[in-house]
Amino acid sequence: MTDNKDIIRIGKIKYTNVWPLFYRFPTGRADLRDHVHFEEQVPTQLNRGIASGEIDMGPISSYAYGENYQQYLLYPDMSVSALGEVKSILLFHREPLESVANGSIALTTSSASSVNLLRIIMEKYYKGKPQYSYAAPSLTDMMVQNDAALLIGDDAIRASWQNHGYRVTDLGAEWLRQTGQWMSFAVWAIRKDTAERHPELVKRVFEAFLESKRKSLADPAGMIQQAVDTIGGTRSYWEGYFGGLCYDFGAPQWSGLQLYYDYAYELGFLPERVPLQIWSDSGRSDKTAVRG
Ligand SMILES: C=C(O[C@@H]1C=C(C(=O)O)C=C[C@H]1O)C(=O)O
């Protein structure tokens, strides 16, 4: 039985990319209604919130899991991943990447996974260490004093619709080109102490997320219309956007993400090799599969 006092604080990424996992989440269901509370923020805020314990679980930057994996487990079967083009992880630049690699890049303050994916790509494949600075996500302002700008999420989507005249590199496509691998940008992390304290509720929330994913992807019309109404663009744009992302998290995604962590470790961004600790429905960490 779920204790009446049980409540789980769930982070929600403030971008359209996570909608399938939330759009049909059965928030009003009797066994969830008083037990889940959502906090909507950009990824870097959620990364900090879950690390400090203000949030119990939810999607965070995959890089943030790597920084603090000792404290977390990962739900299987849910992520924001792509094999190739993402459409919302975009580097805008004036010159070819070979020259950007020795130039200056403005980075959105909302990202951790994509920022470090960019650093990996620059160092490993373009042999460069550009000068990085953080900036608010405005393409026009970021390009005033820089050779390139990294945007993610809806900021990247909106910028891609501007008549900006820059070259655009989709980092998911570039990662696939260089490695042949998947990339997972967001993973669903649960604090281990939460999984231990509320095993039943953590299982119920897992099933609720999967229900939302299944229903949203099977019948995406309402979600797509809401994206058109709130962000803009056409129905066919959003069909292509949601269709190009993958919300699964299994062996193919694990292998791409493990390579990303291995490179981040090799280049000295992360202090240790990162194991993928997957939650299993006992909710107990001692029964949890460890990969990597
Ligand atoms: C696909 C995306 O993935 C995101 C990128 C993240 C990051 O770079 O840290 C974190 C979560 C995801 O929302 C996107 O934002 O468009």
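In the predicted model, the axes of helix α6 (residues 113-125) and helix α9 (residues 171-179) come within 11 Å and cross at roughly 40°. An angle counts as roughly parallel under 35 degrees and as roughly perpendicular from 65 to 115, and α6 and α9 are therefore oblique to each other. The crossing in which α6 passes α9 is left-handed. On the α6 side, the contact involves Ser-114, Leu-117, Leu-118, Ile-121 and Tyr-125, and these residues meet Leu-171, Glu-174, Trp-175 and Gln-178 in α9. Sorted by class, the residues of this contact comprise six nonpolar, two polar and one charged. The spacing of such residues along a helix follows a general rule: an α-helix has 3.6 residues a turn, so residues three or four places apart point the same way.

The axes of α6 and helix α14 (residues 251-266) come within 10 Å and cross at roughly 65°. Because angles of 65 to 115 degrees count as roughly perpendicular, α6 and α14 are described as roughly perpendicular to each other. Here too, α6 passes its partner, α14, in a left-handed crossing. The residues that make the contact are Asn-116, Leu-117, Ile-120 and Lys-124 of α6, together with Tyr-260, Tyr-263 and Ala-264 of α14. By class, five of the residues in the contact of α6 with α14 are nonpolar, one is polar and one is charged.

The chain as a whole may be considered next. The protein chain contains 14 helices and twelve strands. For 292 residues, a compact globule would have a radius of gyration near 19 Å, and the value for the protein chain, 19 Å, agrees with this. Along the principal axes, the C-alpha atoms fill a box of roughly 60 × 45 × 30 Å. Of the 292 residues in the protein chain, 45% are buried. Among contacts with a separation of 6 or more, 82% are between residues 24 or more positions apart.

Pro-76 is located in strand β4 (residues 72-82). With 21 other C-beta atoms within 10 Å, Pro-76 is buried, because a residue counts as buried at 20 or more such atoms. When neighbours within four places in sequence are left aside, Pro-76 is in contact with Phe-249, Gly-250, Ile-278 and Trp-279. Pro-76 and Phe-206 are 130 residues apart in sequence, yet their C-alpha atoms are 9.0 Å apart in space.

Pro-271, by contrast, lies in the loop between α14 and β11 (276-278). From C-alpha to C-alpha, Pro-271 and Glu-67 are 8.1 Å apart in space, although 204 residues separate the two in sequence.

Definitions and conventions. Residues are numbered from 1 along each chain as its sequence is written. This is a predicted model: local features need pLDDT of at least 70, side-chain atom pairs count only at pLDDT 80 or more; totals for chains, interfaces and linings use all residues. Axes are lines fitted to C-alpha atoms, for helices over the stretch in contact, and angles run from 0 to 180 degrees between N-to-C directions. Helices (H or I, at least four residues) and strands (E, at least two) are DSSP runs, numbered from the N terminus. Angles under 35 degrees count as roughly parallel, over 145 as roughly antiparallel, 65 to 115 as roughly perpendicular and the rest as oblique. A crossing is left-handed if the near helix is turned anticlockwise from the far one by less than a right angle, and right-handed if clockwise. Two residues are in contact if their C-beta atoms, placed from the backbone, lie within 7 Å. Ala, Val, Leu, Ile, Met, Phe, Trp, Tyr, Cys and Pro count as nonpolar, Asp, Glu, Lys and Arg as charged, and the others, Gly among them, as polar. The radius of gyration is taken over C-alpha atoms; the globule rule is 2.2 Å times the number of residues to the power 0.38. A residue is buried if 20 or more other C-beta atoms lie within 10 Å of its own, exposed if 12 or fewer, and partly exposed in between; C-beta atoms are placed from the backbone.
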